[in-house]
Amino acid sequence: MIKSAKLKQRPLPMPGKLPHKYTISGLRKGRARVTVVTGAGIDAEAGLPTFRGDQGFYEDEEATYLASADALKAEPSRVWHWYLKRFVSYHDTHPAHSHFALAELEAELGEKFKGVITQNISGLHRKAGSQKVFEIHGCIQEMRNLQTGERQTLPKSWVESPPVDEELISWRPNVCFFGESYDEFPLPEAEEACKSCDIMLVIGTSGIVPTPILLSEMAQLSGAVVVNINPNPGEVDEVSDMSFRGTTAEYFQ
Ligand code: APR
């Protein structure tokens, strides 16, 4: 479990123009080691709903319940059928320009690129060609066997015709449901990437789920500069050295 370090209060970041060193061209030309944390805001540019805010995914209370460990335990079949419907829209979604720009940055920086830590389960970073991706909430294309723990790609055929419940509920989606720990997911690797960077970009997350906040504090404690990229003010501003008050697409243009 990550412990919040309660860092000294930092002056609030000035929105707007970032010093060149922290812009995308500055990162490309620079010698800094870079780590990136992403949330639903980057997937919004590929047409996927964010979780909160207008038309947010969790505006629908049923979705909040069905995405919980309690529902998965109490009604695995119902959760699976809801989940398979949700799977379709993700499966057919293509990465946005920002996903490809991150994959290009990784290729250009080589060893200096420490990884993309994503809360998104869409799999769009991998689809765009990113290699060092830590999916700390899992991936919608994967499932896990409840007995053996074995992981497999979720067969697309299950969408058209789900298997009988007996088979269905012997598996579970390999994503982190509300109320579950990160034990099954690459959080230790993500923490390493936070401790070994000079610049951390935090893109498109509200920080309402506190993990990005704690990862930002961990990076700052290791001497990194944290840059928040978000068109809206939010929790991450409190643990950022500076903010780019614009969209991901605007940052990468
Ligand atoms: N570029 C950058 N940021 C954007 C953009 C954009 N084009 N569009 C929206 N945003 C920002 C919003 O301002 C908001 O701060 O993206 C953020 C989305 O916040 P949430 O919907 O709360 O999503 P996220 O922070 O990723 O949620 C974290 O909560 O529900 C759980 O497991 C789920 O991974 C998810 C976690």
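The largest cavity here has a volume of about 50 Å³. Rolling a probe the size of a water molecule over the atoms shows where empty space is left. For the volume, grid points are joined across faces, edges and corners, and the space filled by probe spheres set on the points is taken. By this rule, the count comes to one cavity of 30 Å³ or more.

Keep in mind that this is a predicted model, where local features need pLDDT of at least 70, side-chain atom pairs count only at pLDDT 80 or more, and totals for chains, interfaces and linings use all residues. Residues are numbered from 1 along each chain as its sequence is written, and side-chain values use heavy atoms, leaving out hydrogens and water.

Which residues line the largest cavity? They are A40, D43, L48, P49, F51, Y90, N120, I121 and S122, where lining means having an atom within 4 Å of a point. By class, that makes six nonpolar, two polar and one charged.

Now for the largest pocket, with a volume of about 960 Å³. It's lined by 44 residues, and A40, F51, R52, Q119 and S206 are the closest to its centre. The elements that give two or more residues to this lining are α2 (40-44), α5 (76-91) and α11 (211-221), and α2 gives the most, with three residues. (Helices like these are DSSP runs of H or I, at least four residues, numbered from the N terminus.) Sorted by class, the pocket lining has 21 nonpolar, 18 polar and five charged residues.

Where does the ligand go? The space it takes is the largest pocket; to sit there, more than half of its atoms must lie within 2 Å of the pocket's grid points. Of the 20 residues around the ligand (one heavy atom within 4 Å is enough), R52, T205, S206, N230 and N232 come nearest. That shell divides into six nonpolar, twelve polar and two charged residues.

Look at the side chains next. An N or O atom of R52 is 2.7 Å from a ligand oxygen, and one of S206 is 2.6 Å from a ligand oxygen. N232 also has a polar side-chain atom 2.7 Å from an oxygen of the ligand. The protein covers 89% of the 740 Å² of accessible area that the ligand has on its own (Shrake-Rupley method, 1.4 Å probe).

Methods
On a 1 Å grid over the protein atoms alone, a cavity is a set of points where a 1.4 Å probe fits but cannot get out, and a pocket is an open set with protein on both sides within 12 Å along at least five of seven lines; lining residues have an atom within 4 Å of a point. Ala, Val, Leu, Ile, Met, Phe, Trp, Tyr, Cys and Pro count as nonpolar, Asp, Glu, Lys and Arg as charged, and the others, Gly among them, as polar. A polar contact is a pair of N or O atoms within 3.5 Å; within protein, one must be able to donate a hydrogen and the other to accept it, and residues adjacent in sequence count only if both atoms are side-chain atoms.
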